[in-house]
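Please read these notes alongside the model.

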Amino acid sequence: MMLTAVFAGFVLAALAPWLTARLGGRVGWLFALLPAAIFVWLAGYIPAIAAGESFYYHYPWIPGLDINLTFLLDGLSLLFGLLISGIGTFIMIYAGKYLDGHQYQGRFFLFLLAFMASMLGLVLSSNLIALFVFWELTSITSYMLIGFNHEDEKSRKSAQQGLYVTVGGGLALMTGLVTLAMVGGSYELVELLGSSEVVQEHALYLPILLLILLGTFTKSAQVPFHFWLPNAMAAPTPVSAYLHSATMVKAGVYLMARLHPTLGGTDTWMIVLGLFGAATMFTGSLMAIRSSGLKSVLAYSTVMALGTLTMLLGVGTPTAIAAAVTFLLAHSLYKGALFMTAGNITHETGHKDFRDVGGLRREMPVSTLFGGLAALSLAGILPFFGFIGKELMFEAVLEANTIGTLITLLALASGIMTVAAAAIVGLRPWFGVRKPTKHTPHDPPLAQLLGPGVLASLGLLLGLLPFIAERSVLSAAALAIAGEPVELKLSLWHGFNLPLLMSAISLLVGLTIYWKWDTVRELLQARRFIDTLGAERGYDAIMRALVVVSEWQTRVLQNGHLRYYILTTVMTLFALLAYTILTRYPVWPGVDFSGIELQHLVIAVLIVLAALVAVSTHSRLGAVATLGAVGFGVALMYVMFSAPDVGITQVLVETLTVILLVLVLFRLPGFLDLTEHSTRLRDAIVAVLMGGVFTLLLLMAIDVQFFPSISEYFIEHSYPSAHGRNIVNVILVDFRTLDTLGEIFVLALAAVGVYAMIKLRAEDRKEGDRP
Amino acid sequence: MESLMAIVVGILYATALYMMLRRSIIKLVIGLILLSNAANLLIFTAGGMTPAAPPLVPEGMLQPEGLVADPLTQALILTAIVISFGVLAFAVVLIHRAYEVVKQDDMDMMKDTDR
């Protein structure tokens with residue numbers, strides 16, 4: 001059942017283009033059935049998991065490498081699974097209508113369904129390798145979806161940026177996970193969760209932590225890697241709502257929460273997560289009120305939420321964990337609703353900027369209601385679920401002992417700006433003066449209102465009846481993160497206390513900022529230096545450098561001159577050989593000239609002289625003749641040193657070679673001196689160096705025998721096994737027959753090639769003859 | 001004897017490489033011929049040079065008597081000689097054909113498609 005649930009999405013994805021072509025936009029309702037079914041199935045586990053149970057599924061994949069498809073269903077994966085399938089249901093329906101009639105709607109559903117399945121796999125996997133594979137699959141599907149409008153350059157660039165940042169972090173993550181598995185002794189999360197002492201006291205704890213955090217920070221858009229997320233808004237709105245707000249970007253948060261029992265609780269963990277989270281939270285909320293695009297305000301407020309979650313996981317107290325799960329749920333609900341509503345506004349009016357829209361409440365009353373409800377939850381107003389999350393968050397930062405003051409201040413500041421952002425989102429398009437729009441707006445059809453309606457209403461319902469969320473999944477999720485039971489009592493009213501005061505301050509100041517938003521925004525936008533913060537400049541510089549380096553490298557290595565390719569290869573070989581010879585075998589090899597007979601010496605000198613003449617002569621005939629002399633000299637050597645067969649073959653081949661060269665060479669021009677003197681000197685030096693290395697190598701090889709020769713076997717078995725007295729022939733036609741067959745094949749191929757080239761020429765002439 | 005051959009092999013390699021570094025395509029082919037001779041001799045020498053003891057099993061015996069030359073290197077070289085001849089024949093005809101088409105022996109003038 002578990003396997004089916006995870007992989008059904010991939011199967012349906014494969015069918016998506018075909019189904020979409022048949023059914024058009026209505027297909028969204030059909031595709032929504034899958035996440036809905038998964039949601040219902042997962043919901044069936046709620047009673048058991050709320051009671052503290054967890055479920056473990058094991059399917060062997062590559063058992064030899066300890067890689068299995070194992071799945072773990074506990075409070076944390078249940079919470080994420082429900083969010084992915086629940087919000088996924090509405091996104092499918094929404095996308096069916098939103099992209100109705102789009103040329104590539106089928107392709108869109110393919111990627112979206114594949115993403116959903118990957119994301120489910122990611123949060124349900126218990127094996128680290130499987131988890132990582134799903135992790136990367138979400139990056140790739142996200143890349144496809146951001147670049148969905150691939151004809152737009154900005155889309156392509158943003159997709160690439162998202163991919164490089166997340167996959168780059170993924171590399172670090174993989175290293176971290178593998179090291180973690182080595183230290184912890186298992187690839188299974190269920191086993192690692194209990195081994196926190198072993199891991200945290202190990203010398204590799206810090207590298208493991210930092211590598212994994214690099215992966216999660218890039219995925220969850222933490223400062224300084226946050227820049228890719230707002231750019232990812234180039235994707236169609238359903239993607240922004242689903243991937244880049246409710247689910248995928250929370251994968252990093254998920255993994256940090258998941259590994260909290262193993263890696264969390266140390267000072268490093270608290271400080272790194274606390275500081276980076278708080279910085280991200282502050283940056284996100286500041287950038288949210290500095291932007292004015294419908295989607296960019298929402299995107300930056302998502303960055304804020306991701307920062308808040310990271311910070312809360314860093315603080316790690318029971319209250320902080322309670323706050324994290326509550327905030328996570330609240331954010332997914334209102335942000336999904338808000339993105340879909342923003343998409344509706346753009347769809348209906350044709351505008352993408354808050355400055356261009358206003359007073360739409362009369363034409364779009366239902367959208368106004370849902371958008372407003374969701375915005376109230378974002379602002380954290382009583383009695384919405386967002387309020388509970390915000391109260392808990394303030395409570396948690398107030399009790400944080402390390403770096404507590406700093407993050408409390410940052411939390412208050414971003415609380416203020418979040419209220420302002422919520423007001424921008426919830427009031428600006430609907431109230432005030434009616435601004436002229438490109439199209440005449442009205443409320444969109446049911447498919448586009450269902451998602452925002454349900455999600456926004458849930459934000460209100462859970463606010464009024466918080467025990468529903470608490471008893472079903474949040475307690476169990478908090479238990480999974482903390483590794484021990486967490487007292488989780490969600491209620492709207494905590495009495496008059498400091499968090500309430502902070503809420504009140506943020507509400508008042510936030511609304512004031514909204515009142516003066518145009519001035520504030522322009523003031524902020526005038527501070528250009530803010531644009532230069534963050535790592536986007538670094539990213540751009542790396543990308544430019546990559547192009548420059550590859551251009552340079554291509555120019556140098558792929559220069560189009562065969563001789564430089566040879567030169568590079570030879571010099572590399574020379575360096576490697578010389579280095580090995582000098583470092584490994586410092587003893588000079590013995591040189592032994594004894595036992596040389598006169599005829600041997602004469603032939604050796606003949607070969608050398610002939611080769612030197614072949615190199616230096618300007619006469620083509622001279623070159624051919626001396627090459628022949630080299631060849632026959634070598635043949636004589638073979639004959640004199642007990643290789644009659646080789647000698648005979650060499651004589652035959654040498655004769656053929658000379659004939660061939662004479663036939664062809666004289667149809668070609670005479671030798672020219674094409675290169676300068678200095679170049680020739682350089683080549684001569686390289687050639688002599690390389691020749692010297694080969695001499696040295698050979699002298700050493702003669703003395704060294706690493707392994708017993710297999711020749712003995714051939715000598716012994718030649719006659720008894722193969723009934724041949726000529727051992728060389730037996731090797732060729734019996735022991736190594738397949739090699740000889742290959743050789744025949746090569747010769748046949750060469751013959752066909754030669755024939756074809758001569759034949760082709762004849763045909764060319766015939767064509768040339770015709771007028 | 002092996003020491004002498006090592007020097008011969010080194011010189012053959014040097015001449016082969018020098019020719020392969022020329023711009024003229026014919027000289028490249030000459031370099032290739034020298035290179036295959038050098039490589040074959042290298043293998044031959046590395047296997048040890050045994051005079052007057054070819055790897056043959058005499059009539060009426062199951063194994064050769066006493067030390068014989070290494071048959072394995074000889075088998076390898078036999079294969080190598082034949083294959084390098086095939087390659088050479090192909091290369092020579094190809095060069096001839098290329099010259100007919102582009103009327104050029106200088107490889108710097110033949111590299112336009114290699115960008």
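1. Which element gives the largest share of the lining of the second largest cavity? The answer is α16(A), with three residues. The model is predicted: local features need pLDDT of at least 70, side-chain atom pairs count only at pLDDT 80 or more, and totals for chains, interfaces and linings use all residues. Residues are numbered from 1 along each chain as its sequence is written, chains are lettered from A in the order in which they are written, and side-chain values use heavy atoms, without hydrogens and water.

2. This second cavity holds about 70 Å³ of space. Its lining includes Leu76(A), Phe80(A), Val253(A) and Ile481(A). By class, the lining has 10 nonpolar residues, no polar and no charged ones.

3. The interface takes 96 residues from chain A and 85 residues from chain B, where contact means heavy atoms within 4.5 Å. About 8300 Å² is buried between the two chains, and carbon and sulfur atoms give 76% of that area. Buried area is the accessible area (1.4 Å probe) that two parts lose on being put together, summed over both.

4. Two salt bridges are counted between chain B and chain A; the term covers a side-chain nitrogen of Lys or Arg within 4 Å of a carboxyl oxygen of Asp or Glu. One salt bridge joins Asp683(A) to Arg22(B), at 2.2 Å from N to O. On the side of chain B that touches chain A, α1 (2-20), α2 (25-46) and α3 (71-102) of chain B each give two or more residues. Of the elements there, α3(B) gives the most, 23 residues.

Notes. Helix = DSSP H or I, 4+ residues; strand = E, 2+ residues; numbered from the N terminus. 1 Å grid on protein atoms, 1.4 Å probe; cavity = no way out; pocket = protein on both sides within 12 Å on 5 of 7 lines; lining within 4 Å. Points joined across faces, edges and corners; volume = space filled by probe spheres on them. Nonpolar A, V, L, I, M, F, W, Y, C, P; charged D, E, K, R; others polar.
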